[in-house]
Amino acid sequence: MNMFDQITEAVIRRGDLAHLALFVWASGASALLAMTLRDLFAANRRFDAFVRELSLFNRRHSGDPT
């Protein structure tokens, strides 16, 4: 029996289904937040790379020696 089954059985034995439902909801919300932040950080890295490439392109074609 895995850990989640043991936790679920203990909660059901105590008759505290509201706490189990709240835990499942909070876990799901936290997982969605983690996935959203991961995607946001990845998008930020891609945008930063794009801006750097654009800056490099502009420097090469503007005649600016820096």
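A salt bridge here is a side-chain nitrogen of Lys or Arg within 4 Å of a carboxyl oxygen of Asp or Glu. In this predicted model, D48 and R52 meet that cut-off, with their closest N and O atoms 3.2 Å apart. The two residues sit four positions apart in helix α2, about one turn of the helix. D48 is partly exposed, at a relative accessible area of 35%, while R52 is exposed at 59%.

The structure contains three salt bridges. Another one joins E9 to R13, where the closest N and O atoms are 3.9 Å apart. Both of these residues belong to helix α1, which covers residues 3–14, and they too are spaced four residues apart, about one turn of the helix. E9 is partly exposed, with 36% relative accessibility; R13, at 66%, is exposed. R38 and D39 form a further bridge, with 3.8 Å between the closest N and O atoms. R38 counts as exposed at 54%, and D39 as partly exposed at 45%.

Helix α2 spans residues 17–62 and also holds F47 and F50, three residues apart, or about one turn of the helix. Their rings make an aromatic pair, with centres 6.4 Å apart and planes at 35°, which is classed as tilted. F47 has 52% relative accessibility and is therefore counted as exposed.

An unreviewed UniProt entry annotates residues 20–37 as "transmembrane region". In the model this stretch is 100% helix and 0% strand, and the C-alpha atoms at its ends lie 26 Å apart.

How values were computed. Residues numbered from 1 in each chain as written. Predicted model: local features only at pLDDT ≥ 70, side-chain atom pairs only at ≥ 80, totals over all residues. Heavy atoms only, no water. Phe/Tyr/Trp six-rings, centres within 6.5 Å; stacked < 30°, edge-to-face > 60°. Buried < 20%, exposed > 50% of the residue type's maximum accessible area, 1.4 Å probe, protein only. UniProt positions renumbered as here; feature names shortened; annotations may be inferred.
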